[in-house]
Amino acid sequence: MKHRRCKTCGVPGQVGRLHRWMTNGTIVNARMTGIRQVFMEADFLPELRERISEGLDFPVSPIFYEAERNSVRVTVEAFLRGPLLRLTARIPIFRRAAVHYFNNLAWATGTASSHTVAYHSGRYGLALMRNPFDLDLMAAVVVGAFEALERKPFRSFWKKEDGAYLLRVEVIKEKPELSGRLEVESEVLKEGDLHLRSCPRCGLPLDLSHLEWREEEGMIIDRRRGMRMINLDGYTPRLVNRELVRELGEEVIPIIIDAKRDYTLKMLKDLGIRSGEDDKARLEALRDMLSLLPLYGWGMASETEYTPGGTLRVWVDNPFDEYLIAGRLAAFYEAAEGKRARVEWRDSGPASITYVLTPSISPA
Ligand SMILES: [Zn+2]
């Protein structure tokens, strides 16, 4: 089924009903403005998980799973507060409508194409899925959504079937202990006055038009790169990183930052963004790169100081995750300067971080 989309920018109307792009660099739930959303590359979290697993002898998958499960639970609770859904979520027979709504969320967020096979409220649900962006994280997404709806803990099982997957989620007595350590904490957001160029017809940011929603496949594709994107809760990476640092100590931080830096450098190369010949061109390239942050809900650069050939200072308001932003900025610096960066940062008030990037002295 094809959904209605804006005739000017091509973005499905559903996206504008789910989210609101704010003037402070965040994307929030249209009904609950305290709940954040972000866009990111579909394979970034799986890749980060793999890199950390390789770098350290420690099982990290459960941390990603539990963080995703709890973040989605909180996010879906917000979605279910809509006028109609609030009613349906309370009455068992109408919960079916909410499950149908979850299938809708799956294509709208580009996480999978999902159809309900069976659903028995209070016991289990079974869905046929195509193109889940990651098996482990997708299972966590569905478990979190059901936990929001049923207010009971769930567990999940995958079964491969004819090129697609069956996902079964069922009620269990309790969650693993780890889950309790990975709960979303409320966050203070800073006000801002950033206005992204918007579509004259639907009002969504015009730069979203490079994303193509393929609802049949349950995927969002960045047309410029042919790269799959997803729209996810704005909390999972932060919870994962906080737990990794708690468990493994600060030695894990450079692994996270390097993973994001390498990943972003590849993206910038794909997009053809690279260092300009002169200082003016470098400054412009940098500005282009920083504008990617608010479009995807990662926060906003409220101020920058850049001395080409030297130091870059960026004040980021409402950073989605301090380490991932550090990795991103390191890549931006490297693309503009052609040199590897040393990144340092400190809090500069609530919901704001000052990053300082200088040329790295160690060999790249
Ligand atoms: Zn539009």
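How much space lies in the largest pocket? About 510 Å³ lies there. A pocket here is an open set of points on a 1 Å grid over the protein atoms alone, where a 1.4 Å probe fits, with protein on both sides within 12 Å along at least five of seven lines; lining residues have an atom within 4 Å of a point. The volume is the space filled by probe spheres set on the points.

This is a predicted model, in which local features need pLDDT of at least 70, side-chain atom pairs count only at pLDDT 80 or more, and totals for chains, interfaces and linings use all residues. Residues are numbered from 1 along each chain as its sequence is written, and side-chain values use heavy atoms, without hydrogens and water.

The lining of the largest pocket has 22 residues, and Glu187, Arg238, Pro319, Phe320 and Glu322 lie nearest the centre. Two or more lining residues come from each of α8 (236-248), α12 (322-337) and β14. Of these elements, α8 gives the most, with four residues. Helices (H or I, at least four residues) and strands (E, at least two) are DSSP runs, numbered from the N terminus.

Most residues other than glycine have a negative phi.

| Residue | Phi | Loop between |
|---|---|---|
| Arg151 | about 55° | α6 (135-150) and β6 (154-161) |

Arg151 counts as exposed because its relative accessibility is 67%, where exposed means over 50% relative accessible area (1.4 Å probe, protein chains only).

Notes: Buried means under 20% relative accessible area, exposed over 50%, partly exposed in between (1.4 Å probe, protein chains only).
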